Amino acid sequence: MGAAGSKLEKALGDQFPEGERYFGLENFGNTCYCNSVLQALYFCVPFREQLLEYYSSHKIGADAEDNLLTCLADLFTQINSQKKKTGVIAPKRFVQRLKKQNELFRSYMHQDAHEFLNFLLNELVDILEKEDQAAKKEGETLSPSEKTVNGPKNPQANGVQKEPLVTWVHKNFQGILTNETRCLRCETVTARDEAFFDLSLDIEQNSSITSCLKIFSSTETLNAEDKFFCDKCCSFRIQLVKVVYNGNQYFT
């Protein structure tokens, strides 16, 4: 490491993770909300690896058309390719694109990091979906000989509804909530699934995420004005509601 090592490197010593980079992000007056989210996403290793792979496979250059995905991939690649283990990088290109795309982030007011994360993840999904659609259209314009040589890109029977695209953003952050409702008279159980990128948890009197999730998914009795109408009994009955959480390893 030598005498030139940073204070962080000296403090961690041999415990400094192999191949890891600890870089701060320059604050442009009011972008701490943005920097905190970008730092958290960078240290979500599966997400970072997918983004670095996206950068290398798409050969993003300085003259490439900017969007939030290309700017984020460029930033993560800059950090990952640094020779030093610690330092500071200015996410100027990403912040410029963010302000250009959404006027909410153009002011000098501080923004909510949670809202920014939701906006960013949804934008990344939209970009990936548009790229997938563009790739499918390109495949449809191939000549018959090219289709024969390359094979069909998206074979699908006529009349079969297409499944929604599951991107690597979904695979890293999306979970499923299942609301199970049981009628206490006829014991009929109904379930409803709902996809999510984030959960709103009550943390006032809890000391860990695990305990918050247990309370979030606890069973609730619905009675009085909160009674549900049971289609089986055809009447309003006291019912039990249970939320089943099925999230990924990495969630917000």
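This short talk covers a pocket, the aromatic rings, the salt bridges and one backbone angle in the structure above.

The model is predicted, so local features need pLDDT of at least 70 and side-chain atom pairs count only at pLDDT 80 or more, while totals for chains, interfaces and linings use all residues. Residues are numbered from 1 along each chain as its sequence is written, and side-chain values use heavy atoms, with hydrogens and water left out.

I'll start with the pocket. The second largest pocket has a volume of about 220 Å³. A pocket here is an open set of points on a 1 Å grid over the protein atoms alone, where a 1.4 Å probe fits, with protein on both sides within 12 Å along at least five of seven lines. The volume is the space filled by probe spheres set on the points, which are joined across faces, edges and corners.

Lining residues have an atom within 4 Å of a point. For this pocket they are Y54, H58, L128, E131, D132, L165, V166, T167, W168 and K171. They divide into 5 nonpolar, 2 polar and 3 charged. In that scheme Ala, Val, Leu, Ile, Met, Phe, Trp, Tyr, Cys and Pro are nonpolar, Asp, Glu, Lys and Arg are charged, and the others, Gly among them, are polar.

Which helix gives the most to this lining? That is α6, with 3 residues. Helices α3 (45-58), α6 (113-140) and α8 (168-173) each supply at least two. Helices (H or I, at least four residues) and strands (E, at least two) are DSSP runs, numbered from the N terminus.

Next, the rings. Rings of Phe, Tyr and Trp (its six-membered ring) pair if their centres lie within 6.5 Å; planes under 30 degrees apart are stacked, over 60 edge-to-face, and the rest tilted. By that rule there are 12 aromatic pairs. One of them is Y42 with F43: the centres are 5.3 Å apart and the planes at 85 degrees, so this pair is edge-to-face. Y42 is buried at 1% relative accessible area, whereas F43 is partly exposed at 32%. The cut-offs are under 20% for buried, over 50% for exposed, and partly exposed in between (1.4 Å probe, protein chains only).

Y42 and F43 belong to one aromatic cluster with Y22, F47, Y54, F76, W168 and F173.

R48 lies over the face of Y42, 4.1 Å from the ring centre. The rule asks for NZ of Lys or CZ of Arg within 6 Å of the centre and within 35 degrees of the ring normal.

A salt bridge is a side-chain nitrogen of Lys or Arg within 4 Å of a carboxyl oxygen of Asp or Glu. What partner does R48 meet in a salt bridge? The partner is E20, at 3.1 Å, N to O. R48 lies in helix α3 and E20 in the loop between α1 (7-12) and β1 (22-25), so the bridge ties together parts that are 28 residues apart in sequence. Both R48 and E20 are buried.

The whole structure has 6 salt bridges. D66, D74 and R93 are linked in a network. E194 meets R192 at 3.6 Å, N to O. E187 meets R182 at 2.8 Å, N to O.

Last, the backbone. Most residues other than glycine have a negative phi. E187 has a positive phi of about 65 degrees. E187 is in the loop between β3 (175-183) and β4 (189-196), and is partly exposed at 44%.
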